[in-house]
Amino acid sequence: MKRIAIFPGSFDPFTKGHEDIVLRGSKLFDEIIVAIGYNSAKSQRYFKIEFMIDRIKETFAAHPNVKVQPFAELTAEFARANGARYLLRGLRNTTDFEYENSIAQVNRHLNAELESVFLITAPSLAFISSSVIRDVHRYGGDVRNFLPYSLEGV
Ligand code: ADP
């Protein structure tokens, strides 16, 4: 049976930190589905979802085992519908841990077949967060070093 993992997130925007988690995860699983969704606490996106899907596809063009899909349902349901038995997430610090721990417990309750798997961030990427990148970009700062694709023309 194919080992499929989903990597869900807002990815607003998708960063080099996210890329690292996908690349490392793709060595552990047969297929990774980057599931770009709507986070209730961050309902207004800064980068359009269609634009970000294209940028993520472009990033993993050479990796046929990485797929990208939008989703607007429960992560646990999306995983079930796509035959994914693993939920991949990245951990940067204790704040991430607190948040991820509670989400993982809820997901275990919603879908007992879904195993949450956490990868610790590479130290050089641990400071990268989508929210800081949004702030820098909003005020015209250079964010090229933090993204695995170009924002040329945006
Ligand atoms: P969400 O809105 O669901 O938290 P994010 O797009 O912010 O989605 O993050 C998706 C996942 O990527 C989360 O597990 C988050 O901890 C992880 N992540 C975010 N930034 C980094 C980074 N720099 N390095 C590794 N993992 C990261």
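**View 1. Helix 4 from end to end in the predicted model.** Helix 4 has 17 residues. From its first C-alpha to its last, helix 4 reaches 24 Å. That is close to the 24 Å expected at 1.5 Å a residue. The helix runs over residues 94–110.

**View 2. The buried side of helix 4.** Asp 96, Glu 100, Ala 104 and Asn 107 are buried here. These four lie on the same side of helix 4, because they cover an arc of only 65° around the axis.

**View 3. The opposite face of helix 4.** This face is turned away from the buried side. It carries the exposed residues Thr 94, Thr 95, Glu 98 and His 109.

**View 4. A nonpolar patch on the surface.** Three residues form the patch: Leu 74, Val 106 and Leu 110. Together they have about 250 Å² of accessible area. Val 106 sits in helix 4.

**View 5. The buried side of helix 2.** Helix 2 spans residues 49–59. Its buried residues are Ile 49, Met 52, Ile 53, Arg 55, Ile 56 and Thr 59. They cover an arc of only 165° around the axis, so they fall on the same side of helix 2. Among the elements that cover them are helix 1 (16–25), strand 2 (31–37) and strand 3 (66–71).

How values were computed: Residues numbered from 1 in each chain as written. Predicted model: local features only at pLDDT ≥ 70, side-chain atom pairs only at ≥ 80, totals over all residues. Heavy atoms only, no water. Patch = residues over 30% accessible without salt bridge, like charges linked within 9 Å, V, L, I, M, F, W, Y side chains within 5 Å. Areas by Shrake-Rupley, 256 points an atom, 1.4 Å probe, with all protein chains shown as cover. Salt bridge = Lys/Arg side-chain N within 4 Å of Asp/Glu carboxyl O. Helix = DSSP H or I, 4+ residues; strand = E, 2+ residues; numbered from the N terminus. Expected span 1.5 Å × (residues − 1). Buried < 20%, exposed > 50% of the residue type's maximum accessible area, 1.4 Å probe, protein only. Arc of directions from axis to C-beta. Contact = heavy atoms within 4.5 Å.
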